[in-house]
Amino acid sequence: MMRYGPGVALIVVDMQNDFADPRGTLAVAGAADVLPVVNAQIAQARAGRALVVYSQDWHPRHTPHFASDGGAWPDHCVADTWGAELCPGLDCPTGSPLIRKGTNGEDGYSAFTMRDPGTGATVPTPLEMLLHEAGVEQVVIVGLATDYCVRHTALDAVRLGHRTTVLADGVAAVNVHPGDGDQALMELRAAGVTVVAGQGA
Ligand code: VGL
Ligand code: ZN
């Protein structure tokens, strides 16, 4: 069981319809199994008075992130569409902090940083400031997808000096190539992330 307290934050990565719902444009296999694990962590974190932050992929209709504009992905998580909404089964009380990545067309995967497609510069999201103001030094990461947004969020968390845990049962991978998710977890371990097997429960 994870020990949650005021110095800990649970980061719930991109639990949005386009990833979490089978009808989503970038549906992640295994997302349905992840949802109850994520909700259980949210309950534990709230009980321990830990901060719970939710990230959302939040793309404009046209972005170099989409295959339709020269990028890698089917159109997904377009701002203010069904696909970008947090999935309805996710426990997210009104007023919870949301980190929306790409509101000004930025690209990237991490909940901490984005890339300005015009200048190529890396720009921070509000997440690190939020954690800093809350006195958080340890983060627990769950959500979608292991090989993209979870991976980049966890790598940034370590780089920023946070003790960082990823719950293996609380994440699922896109697996563009078979094994990408497992590979990502190995990379995270090597980078200093604690990857907890099971549900941490
Ligand atoms: C993600 C692919 C494209 C993710 C976001 O949330 O992991 N993956 N955009
Ligand atoms: Zn995206």
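This is a predicted model: local features need pLDDT of at least 70, side-chain atom pairs count only at pLDDT 80 or more; totals for chains, interfaces and linings use all residues.
Which backbone atom lies 3.5 Å from an oxygen atom of ligand 1? It is a backbone N or O atom of Leu 144.

A polar side-chain atom of His 65 is placed 3.1 Å from a nitrogen atom of ligand 1, while a polar backbone atom of Cys 149 lies 3.0 Å from an oxygen atom of the ligand. Ligand 1, taken alone, exposes 260 Å², and the protein buries 100% of that area. The residues around ligand 1 include Asp 14, Phe 19, Leu 26, Asp 57 and His 76.

Ring pairs join Trp 73, Tyr 109 and Tyr 148 into a cluster. A search of the whole structure finds 2 aromatic pairs. In one of them, the ring centres of Trp 73 and Tyr 148 are 4.8 Å apart and the ring planes meet at 85°; the pair is therefore edge-to-face, since planes over 60 degrees apart count as such. Trp 73 belongs to the loop between strand E2 (51–57) and strand E3 (98–101), whereas Tyr 148 belongs to helix H4, so the pair ties together parts that are 75 residues apart in sequence. Trp 73 is buried, with a relative accessible area of 7%, and Tyr 148 is likewise buried, at 19%.

The rings of Tyr 109 and Tyr 148 have their centres 5.3 Å apart and their planes at 50°, so this pair is tilted. The pair links distant parts of the chain, with Tyr 109 in the loop between E3 and strand E4 (113–115) and Tyr 148 in helix H4, 39 residues apart. Tyr 109 counts as partly exposed because its relative accessibility is 23%, and the buried class requires under 20%.

The buried residues of H5 (residues 180–190) are Asp 180, Gly 181, Ala 184, Leu 185 and Leu 188. These residues lie on the same side of H5 because they cover an arc of only 140° around the axis. On the other side of H5, Asp 182, Gln 183, Met 186 and Ala 190 are exposed. After H5 comes Gly 192, with a positive phi near 105°.

Definitions and conventions. Residues are numbered from 1 along each chain as its sequence is written. Chains are lettered from A and ligands numbered from 1 in the order in which they are written. Side-chain values use heavy atoms; hydrogens and water are left out. Buried means under 20% relative accessible area, exposed over 50%, partly exposed in between (1.4 Å probe, protein chains only). Helices (H or I, at least four residues) and strands (E, at least two) are DSSP runs, numbered from the N terminus. The arc is that of the directions from the helix axis to the C-beta atoms. A residue is near a molecule or strand if one of its heavy atoms lies within 4 Å of it. A polar contact is a pair of N or O atoms within 3.5 Å; within protein, one must be able to donate a hydrogen and the other to accept it, and residues adjacent in sequence count only if both atoms are side-chain atoms. Accessible areas come from the Shrake-Rupley method with a 1.4 Å probe; for residues, only the protein chains shown count as cover. Rings of Phe, Tyr and Trp (its six-membered ring) pair if their centres lie within 6.5 Å; planes under 30 degrees apart count as stacked, over 60 as edge-to-face and the rest as tilted.
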